[in-house]
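Colleague: Hi! Could you walk me through this one?
Modeller: Happy to, let's have a look together.

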Amino acid sequence: MDHHLAVPVGVTLDRYIMHNQNSFAFATGELSQLLRDIALAGKIINREINRAGLIDITGGFGTNNVQGEAQQKLDVVANIRFIRALINGGEVCAIISEEDDDIIYTGNNNAKYVVAMDPLDGSSNIDVNVSIGTIFSIYRRITPLGTQPSLEDFMQGGEEQVAAGYILYGSSTILVYTTGNGVAGFTYDSSLGEFILSHQNIKSPKDGKIFSYNEGNYNQYAEPIKTYLNHCRDRGYSSRYIGSLVADFHRNLLKGGVYLYPPTHKDANGKLRLLYECYPLAMIAEQAGAKASDGSQRVLDIKPDSLHQRVPLYIGAETMVKELLGLLK
Ligand code: AHG
Ligand code: MN
Ligand code: MN
Ligand code: MN
């Protein structure tokens, strides 16, 4: 965020957005309203998550998504809530979601923005009370206003994102986002029903001593990955892996660390999805002074070719990612 626009910690998300609105190009309020709509959906999901065990929305929904994953009830609930909030907000003409095969048309064909989202990240953790999240990525549409949006609105590439963020439903619920002018974090105060500015201008440490990967996949990794992981171990770094990308990413962003999801036998391009996991977190990482690569190029430089394509992800502290990339050359 522009320093001269720095606002006091303790301000609500709404006030913060208003205060910084003029830093958006062509600010006419729609992006501000869209961010509010996402925050509203986050408050609703937060409430559902906190009651999950009480209102029987834990467990499987009995269907599989396009990823071939068994959808959890909360995956579906979160997906529906976000889609509904975005439709009702009126600022979005189309949505893609991890939980839907194809583009979701909102009917708001005069709206300027499209959203790619992972409505609930870390589904395997839902029923066991471990942190989970939501990830979102926003583009200005390139198809003409008033027409039906199309695939090309979503295939613009990571550099074209106008905003990216996540909500982490953890020990506290925090919304972190960027519009390209730095990264800010807002902690939810449920007694007020407001997200309050708690992290004014997040800058990630340039180095770190935390590494995050699924150790169960170690034997499937290419030799340079194993070499890097052994370096981390030899240096006595901490291995921390929650199994929710948003939670692992957020900890590494604040404390300094690196998260790896390399190719495995099951997922030859890695497991994580480019459009609604890797691109948005890569934008946030770079805005906070960290790095994000697929092992051969910046994540934000990857050319998208399909809605649910997967890419390897190495994301976190600059020094750590650079050392890993050096080994991958
Ligand atoms: P999602 O729950 O949205 O499908 O994403 C899960 C992702 C990510 O959150 C997490 O880091 C990773 O899957 C865990 O995968 P493994 O269980 O294969 O380690
Ligand atoms: Mn999933
Ligand atoms: Mn996910
Ligand atoms: Mn998900």
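Colleague: Where does glutamate 98 lie?
Modeller: Glutamate 98 is in the loop between strand S3 (92-97) and strand S4 (104-105). Helices (H or I, at least four residues) and strands (E, at least two) are DSSP runs, numbered from the N terminus. This is a predicted model, where local features need pLDDT of at least 70, side-chain atom pairs count only at pLDDT 80 or more, and totals for chains, interfaces and linings use all residues. Residues are numbered from 1 along each chain as its sequence is written, chains are lettered from A and ligands numbered from 1 in the order in which they are written, and side-chain values use heavy atoms, with hydrogens and water left out.

Colleague: Which residues does UniProt list with Glu98 as "binding site"?
Modeller: The unreviewed UniProt entry gives Glu98, Asp118 and Leu120. UniProt positions are in the numbering used here, feature names are shortened, and annotations may be inferred rather than shown by experiment.

Colleague: And how are they placed in space?
Modeller: They cluster, with a largest C-alpha distance of 8.7 Å, although they are spread over 23 residues of sequence. Glu98, Asp118 and Leu120 also belong to the lining of the largest pocket. On a 1 Å grid over the protein atoms alone, a pocket is an open set of points where a 1.4 Å probe fits, with protein on both sides within 12 Å along at least five of seven lines; lining residues have an atom within 4 Å of a point.

Colleague: What else does UniProt mark as "binding site"?
Modeller: Another such annotation, also from the unreviewed entry, covers Asp121, Gly122, Ser123, Ser124, Asn214, Tyr241, Tyr259, Leu260, Tyr261 and Lys271. From that set, the largest pocket's lining includes Asp121, Ser123 and Lys271. Leucine 260 sits in strand S13 (residues 258-261).

Colleague: New topic: are H2 and H3 roughly parallel or antiparallel?
Modeller: Roughly antiparallel (over 145 degrees), because helix H2 (residues 30-51) and helix H3 (residues 73-89) cross at roughly 150 degrees. Their axes, which are lines fitted to C-alpha atoms over the stretch in contact, come within 9 Å. Angles run from 0 to 180 degrees between N-to-C directions.

Colleague: And H5 with H6, what angle do they pack at?
Modeller: Helix H5 (residues 245-255) and helix H6 (residues 274-287) pack at about 15 degrees, axes 12 Å apart. That makes them roughly parallel (under 35 degrees).

Colleague: Which residues make the contact?
Modeller: Leu245, Phe249 and Leu253 of H5 meet Glu277, Leu281, Ile284 and Ala285 of H6, where contact means heavy atoms within 4.5 Å.

Technical notes: Parallel < 35°, antiparallel > 145°, perpendicular 65-115°, else oblique.
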